[in-house]
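Biologist: I'm new to reading protein models. Could you walk me through this one?

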Amino acid sequence: PLIIASAIIAIALAIGLNQVGNGFSSRAGNGITVTGSAKVNATADKAVWPLNAEQLAPTQSAAITKVNSAVDAVTRYLTDGGIPSSEIEYSSASAYPQEEYLNGSATGRVVAYRASRTITVRTTNVQLVAKLSQGIGSLLGTGVGVSNYGPQYYVSKLSDLRPELLKQAMKDAQVRAKAIVESTGGKVGAVMNVRSGPFQVTSPDSTDTSAGGFYDTSTIEKTITSTVTVMFAVK
């Protein structure tokens, strides 16, 4: 793309075309559009860890009793591991019937009830959550039925990083524009138009992106990338 853009500028300056390619107008107002980017590494400072306790029993009341016991066991695991009780949230218990199926069809007979309840940890101690999540197999080994969906890690001060990243992306766009234009004997002029792109928050070395912005929550260490598309006047 850089070679093509350079060729377009050279043609415009050499023969004075009134309009040359995408991103350019008349020679009096020639412009070049480039995309600049900037990135910074960041460490998550907030963790949200959902866990779901599930138990099966012949009756609804028995299923609720069993799932509450499972929640108590999960709570002990978390608090013994160092999570304050104030950072643990609980949903209300729910239970629904498990019907009998024969040859792929429901018979209408209820054979058991499955109860569930969600436990959610919200904390700034991301390293502790990572450790407890990796060790939860010890709890499962005791027969406690709990689904570990894995912690979600966030950078809470992302908005504080945006201004500096946008500033660095603008500088990068200017450097790119100068490299293209000056190779043809021209000079980069004033900014004619700026459009910022969505921020991409990814795991380190990841190439994941999304048109609407990407936010990976699976890792503690992250790379935050910003882009700007800038049109500069060409003298």
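Modeller: Let's begin with helix α2, residues 60–80: its 21 residues, at 1.5 Å a residue, should span 30 Å, and the end C-alpha atoms are 30 Å apart, so the two agree. The expected span is 1.5 Å times one less than the number of residues. Helices (H or I, at least four residues) and strands (E, at least two) are DSSP runs, numbered from the N terminus.

Biologist: Before we go on, what kind of model is this?

Modeller: A predicted one: local features need pLDDT of at least 70, side-chain atom pairs count only at pLDDT 80 or more, and totals for chains, interfaces and linings use all residues. Residues are numbered from 1 along each chain as its sequence is written, and side-chain values use heavy atoms, leaving out hydrogens and water.

Biologist: Which residues of α2 are buried?

Modeller: Buried means under 20% relative accessible area, exposed over 50%, and partly exposed in between (1.4 Å probe, protein chains only). In α2, the buried ones include Ala-63, Val-67, Ala-70, Val-71 and Tyr-77.

Biologist: And what do the buried residues of α2 pack against?

Modeller: Look for contacts, meaning heavy atoms within 4.5 Å. Here the partners are β2 (46–57), β3 (88–90), β5 (105–123), α3 (126–134), α4 (137–140) and β6 (146–148). Just after α2, Gly-82 takes a positive phi of about 115 degrees.

Biologist: What about α3?

Modeller: Its buried residues are Val-126, Leu-128, Val-129, Ala-130, Leu-132 and Ser-133. The cover over those α3 residues includes β2, α2, β5, β6 and β7 (152–154).

Biologist: How many helices and strands does the protein have?

Modeller: Five helices and 11 strands. Of the protein's 235 residues, 35% count as buried. Among contacts with a separation of 6 or more, 72% come from residues 24 or more positions apart.

Biologist: How many aromatic pairs are there?

Modeller: Rings of Phe, Tyr and Trp (its six-membered ring) pair if their centres lie within 6.5 Å; planes under 30 degrees apart are stacked, over 60 edge-to-face, and the rest tilted. A search of the whole structure finds one pair. Tyr-154 and Tyr-215 form this tilted pair, 5.7 Å centre to centre with 50 degrees between the planes. The two sit 61 residues apart, Tyr-154 in strand β7 and Tyr-215 in strand β10 (residues 214–215), so the pair links distant parts of the chain.

Biologist: Why does Tyr-154 count as partly exposed?

Modeller: Because its relative accessibility is 27%. Tyr-215, at 32%, also counts as partly exposed.
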